[in-house]
Amino acid sequence: MRSPYLFGICLFLFAYSLLSTFLYFQQAALVPAAIADSAERTRLLALVDVAVNVLTLAMQVFAFGALIRKLGTTFMLCAMPVVSIVGFVALALAPGLATLVAFGIVRRAGEYAVSKPARETLFNVLPPEQKYKAKNVIDTLVHRFGDTSSTWIFAGLKGAGLSLGAMTWLAVPVAGAWLAVAGWLGRQHRGRTATPKAGSDSIFSAAENRV
């Protein structure tokens, strides 16, 4: 809470968890409505997982390293928020199985192959005190709290009478806020990379000075 940079990483992760929950419940509603047979649903979801894994592996092996060197961390952090904006708008306008599957594959593969590796680079510019203590909290407490609270938020919106279509449109400004946080984090990371000593937050800098 004392480090805006670390708090920004928490917000980035929370926005991802919230949008993932929204998409999951879209899948839970659209797939059974489109495919009545349980075995066929299982087959479809298995094929989606295969596509995600193959695409993720290909992007990590052949694309991510070159892209982050050429385009930078900011671009890579902003890529999936942009994909989410486009995807949720498409899903709101055409809430069908084909749109859901295409968006789901691109978003999950992009998270594993682009967004998560780019997010991990944000810790490279931090002093050890932040990197090895705060990262554990973010990867466990913040991540799991994001998953749980996202389910509560979805249930609350549903209880308030919002339809899946309305919540799909609601996901668009959330993705826009995610994009804003991603851009801010990218700029902060670039500044800290250029001047690493100036990038340390005051509470940790003071501790290092005492040592």
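Contact here means heavy atoms within 4.5 Å. By that rule, serine 150 touches Ser17, Leu18 and Thr21, leaving out residues up to four places away in sequence. The model is a predicted one. Serine 150 has its place in helix H6, which covers residues 128-159. Its relative accessible area is 0%, and serine 150 is therefore buried, the limit being under 20%.

The overall make-up is as follows. The protein has 9 helices and 0 strands. Along the sequence the pattern reads α-α-α-α-α-α-α-α-α. Taken along the principal axes, the C-alpha atoms fill a box of roughly 65 × 45 × 25 Å. The protein has 211 residues, and buried residues make up 40% of them.

Leucine 13 is buried, because its relative accessible area of 4% falls under the 20% limit. Neighbours within four places in sequence were set aside. Leucine 13 is then in contact with Arg119, Ile138, Val142 and His143. A further pairing spans much of the sequence numbering. Leucine 13 and tryptophan 178 are 165 residues apart in sequence. In space, their C-alpha atoms are 8.9 Å apart.

Glutamine 26 also lies in helix H1. Its relative accessible area is 6%, so glutamine 26 counts as buried under the 20% limit. Residues up to four places away in sequence are again not counted. On that basis, glutamine 26 touches Leu91, Leu100, Leu164 and Thr168.

Rolling a probe the size of a water molecule over the atoms shows where empty space is left. The count comes to 1 cavity of 30 Å³ or more. The largest cavity has a volume of about 30 Å³. Its lining consists of Phe22, Gln26, Phe88, Phe154, Leu164, Met167 and Thr168. Helix H1 and helix H7 (164-194) are the elements that give two or more residues to this lining. H7 gives the most, with 3 residues. By class, the lining holds 5 nonpolar residues and 2 polar ones. No charged residues take part in the lining of the largest cavity. Leu164 and Thr168 belong to this lining, and both are touched by glutamine 26.

Helix H3 covers residues 64-71, and helix H4 covers residues 73-93. Their axes come within 6 Å and cross at roughly 115°. On the H3 side, the contact is made by Phe64, Leu67, Ile68 and Leu71. On the H4 side, Thr73, Phe75 and Met76 make the contact. By class, the contact of H3 with H4 has 6 nonpolar residues and 1 polar residue.

Technical notes: Residues numbered from 1 in each chain as written. Predicted model: local features only at pLDDT ≥ 70, side-chain atom pairs only at ≥ 80, totals over all residues. Heavy atoms only, no water. Buried < 20%, exposed > 50% of the residue type's maximum accessible area, 1.4 Å probe, protein only. 1 Å grid on protein atoms, 1.4 Å probe; cavity = no way out; pocket = protein on both sides within 12 Å on 5 of 7 lines; lining within 4 Å. Points joined across faces, edges and corners; volume = space filled by probe spheres on them. Helix = DSSP H or I, 4+ residues; strand = E, 2+ residues; numbered from the N terminus. Nonpolar A, V, L, I, M, F, W, Y, C, P; charged D, E, K, R; others polar. Axes fitted to C-alpha atoms, helices over the stretch in contact; angles between N-to-C directions.
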